[in-house]
Amino acid sequence: MADFAIRSGSIDVEEIMRHIRKRIRDKRGVDYTEQEIRELANVKLQRILDPTGVRSDLLKHFRERPKTTWPENYSFEKDTIYASTRGVVVFVRRLLRPVLKLLFSPNPLIDTLHKQSLINSHIEARLGGDHDALNYEILNNLVVEITRLRIEVNNLKMQVQSVNSRLDFDERRARALEGLVNPPVAATPTERKAKPDAEESGDGSSKPRRRRRRRRGTRRRTAQDGEMSQTAEANTKIVETENQEEPSPIAETAVAGSAQSAESSTEAPERPEAAIPRTPADGAADTKIAETENQEEPSPIAETAASAASAQSAESSTEAPEHPEAATPRTPADGAADTPEQ
Amino acid sequence: MKLAVVVQRYGSDVNGGAELHARYIAEHLANHAEVEVLTTCARDYVSWRNEFDPGEDRVGNLLVRRFPVRHPRDPLIFDRWSHRVFEHRHSVAHELAWLESEGPTSPQLIRHLRRNASTYDFFLFFSYRYAHAYHGCRAVGPRAVLVPTAERDPAIGLSIFGPIFRGVRGIMYNSFEERAMIHAVAGNSKVRHTVVGVGSEIPSNIDADRFRQKFDIQQPFIVYIGRLDENKGCPELFQFFRNYASRVSGSLQLVLIGRSILQIPSHPRIRQLGFVSDQDKFDALAAAHALVMPSKFESLSMVTLEAWAMGRPVLANGSCDVLQGQCIRSKAGLYYKNYEEFAETLHALETNRPLHTALSVNGSEYFQRHYSWPVIERKYLEVLNHLKREEAQRMEPLPGWFGRRRSNIAPTRKTVDALPTGPALKFNRGSRAARRG
């Protein structure tokens, strides 16, 4: 990433947009293709339409419905309006046909009625023979939609799990950082030096213990009250640490709510990227990323910024952008894609 | 060389895109040729009411001849005709009725053009879709040069404009996308043309702090400049920005500049300033973090060019081919097509300082290279000088009485939907070839 530097001439807006779209796709988790959804839907459909299944009488029920009776269709051909059972009449009509055509043109009428008879036949066929097939199609479509929704629900469940695991980790990290900010007094080098002196003096063996107990007690009380200065200081550090992780801009309210409740004590920023459906791999990746914390890979643009900033000047490095997609799992291909496009 | 700029409205206080474009071009070409402006007495582009006095007038150093509009636009009739020609099979007569209902119809202006055509070398007609340009181009024939300012709307598919695009002497396109669209719809690639656009009048004393103090804006902000209208994509912008403000950014504001014809949502981080002076507009651009341009229908977007002139990156609606193409060619802007892209691109602009700087530098360079006034003037003069040496062709006549009434034209929306989409990025080579040809 270090050699990815932004120079005005080297910017490729299309490339940046490709990166952005790829990141959005990655954050969405698994994008099922239409064909995959169809395949999944077919599996479910067979189960539902199995005669031994729960709804075995579904098709039967449809088939046994009383059929609508339609008036019989007519056939209308070119000579139908001139037809008669009597040959003479037919002959006279044929003879007078030019006279009739002088008065009006019967052709559009014949054409329309002919077409109408065809339409009637077609509709009759559709409503009669293919009725069950139509219902089957409707059922099929319903199942497709249900399957699609199931997939979406699964994605959301995985996403909630991922957020839960992240919250757990944050809590653990908060406790660990608290411990770092207030280390046990006995562990400090100055006290390690002081301890042997006290032991040598003979009467000081109980004093350090008493002090330690008092401090532990204080810490417990502080943690409970949440108002003492040491805890506040620790919280501030946690906030600072967490603020190094820039939230991704694709914010989602649903998950942000649960995240906020857990983080509200430290007033840490929301993690808006969480609501986009995520794969199970995301959870693991998130955990790893969270463990390494500051080794997270930034977004393509953020990487660009960070590397360019470090390459350019100390001042710009201080203004390097924060890393918005800290928890987004990235593939090695991302890194390759991020590398220079001079 | 004597030139006439023919435009639907003209005045120092008329700030529509095409009208301002025409004014800038007229004022700058006046340095190289004798220029007159021929226009109507209308000030309002919706009603075309006669508000200026007819006759001669002076705006700046230019002589302006104004002609009255015969009748104001009736929105109901116009809507009815629009529906007829855009959505149904129709005839040439229907399209002419649509044009008449759109206006501005000024028979006196057309009569003046017809009678005095020989006294001018060329007529520069602005905005192909209005009655003055259609009838004017037919009146002056081989002296007509068109600045179409065309957007991707159903009007471009009307069959009556095909002969105009094919019959004028030259066409000054605003963008490569506009040219690709008109070539596709009219098959007029043989007509001499160039992609030129327009420059801008950048004030010399621009002060970002002055703007911040005047309007009491201390937080970083992105700015939208233009009419606050549904057609400009403003409702979508408001929705996207509210989401962005609540979920991503803690401080970025959206500042809106321009007249509003829709309800602005009440939000602590959306500020509407209304119509401001040019000085304030440029101060705002200087103070802004970026310009946002949510419109899906633009033939050029002058304010985008002005933002680049001021060294500000642009966040544009990628659904507009022109804006997307401009962002890619200039390397000075990002674009979005949905909220996710809006959020990511805006976040990148907000937080990524080197990216922001690089886009800004590119924008400034792009403007200087393609849209500075010497470049624009040179392109116009080159085309006009070429046209003086070339032979003119006759414009195709309208069909006869029966032909005009035959309802055999497909709905124009279908025609426009079938046109190729996307930014026209490989057209530089094509344009040179066309010019040579």
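Which elements of chain B do the buried residues of helix 10 of chain B pack against? I began with this question and noted the conventions first. The model is predicted, and local features need pLDDT of at least 70, side-chain atom pairs count only at pLDDT 80 or more, and totals for chains, interfaces and linings use all residues. Residues are numbered from 1 along each chain as its sequence is written, while chains are lettered from A and ligands numbered from 1 in the order in which they are written.

**Entry 1: helix 10 of chain B**

I looked up helix 10 (residues 278-287) of chain B and found Lys281(B), Phe282(B), Asp283(B), Ala284(B), Leu285(B) and Ala287(B) buried (20 or more other C-beta atoms, placed from the backbone, within 10 Å of the residue's own). These buried residues pack against helix 8 (208-215), strand 9 (221-225), strand 10 (253-257), strand 12 (290-293) and helix 11 (302-309) of chain B. Helices (H or I, at least four residues) and strands (E, at least two) are DSSP runs, numbered from the N terminus.

**Entry 2: helices 9 and 13 of chain B**

I then examined helix 9 (residues 234-247) and helix 13 (residues 339-351) of chain B, whose axes come within 10 Å and cross at roughly 55°. Helix 9 of chain B is therefore oblique to helix 13 of chain B (angles under 35 degrees count as roughly parallel, over 145 as roughly antiparallel, 65 to 115 as roughly perpendicular and the rest as oblique). Axes are lines fitted to C-alpha atoms, for helices over the stretch in contact, and angles run from 0 to 180 degrees between N-to-C directions. On the helix 9 side I noted Phe240(B), Asn243(B) and Tyr244(B), which meet Tyr339(B), Phe342(B), Ala343(B) and Leu346(B) of helix 13.

**Entry 3: the open sheet of chain B**

I traced an open sheet of eight strands in chain B, in the order 3-4-2-1-5-6-7-8 and with mixed pairing (two strands pair if DSSP finds at least two bridges between them). Its edge strands are strand 3 (55-59) and strand 8 (192-195), each pairing on one side only. Strand 3 of chain B runs antiparallel to strand 4 (residues 62-67) of chain B, and five bridges join them. I recorded Arg66(B) in strand 4 as the bridge partner of Gly55(B).

**Entry 4: Phe123(B)**

I looked up the contacts of Phe123(B) beyond its neighbours within four places in sequence; among them are Ala4(B), Val6(B), Leu113(B) and Val140(B) (contact: C-beta atoms, placed from the backbone, within 7 Å).

**Entry 5: chain A**

For chain A I noted 14 helices and zero strands. Of its 342 residues, 20% count as buried.

Key. A residue is buried if 20 or more other C-beta atoms lie within 10 Å of its own, exposed if 12 or fewer, and partly exposed in between; C-beta atoms are placed from the backbone. Two residues are in contact if their C-beta atoms, placed from the backbone, lie within 7 Å.
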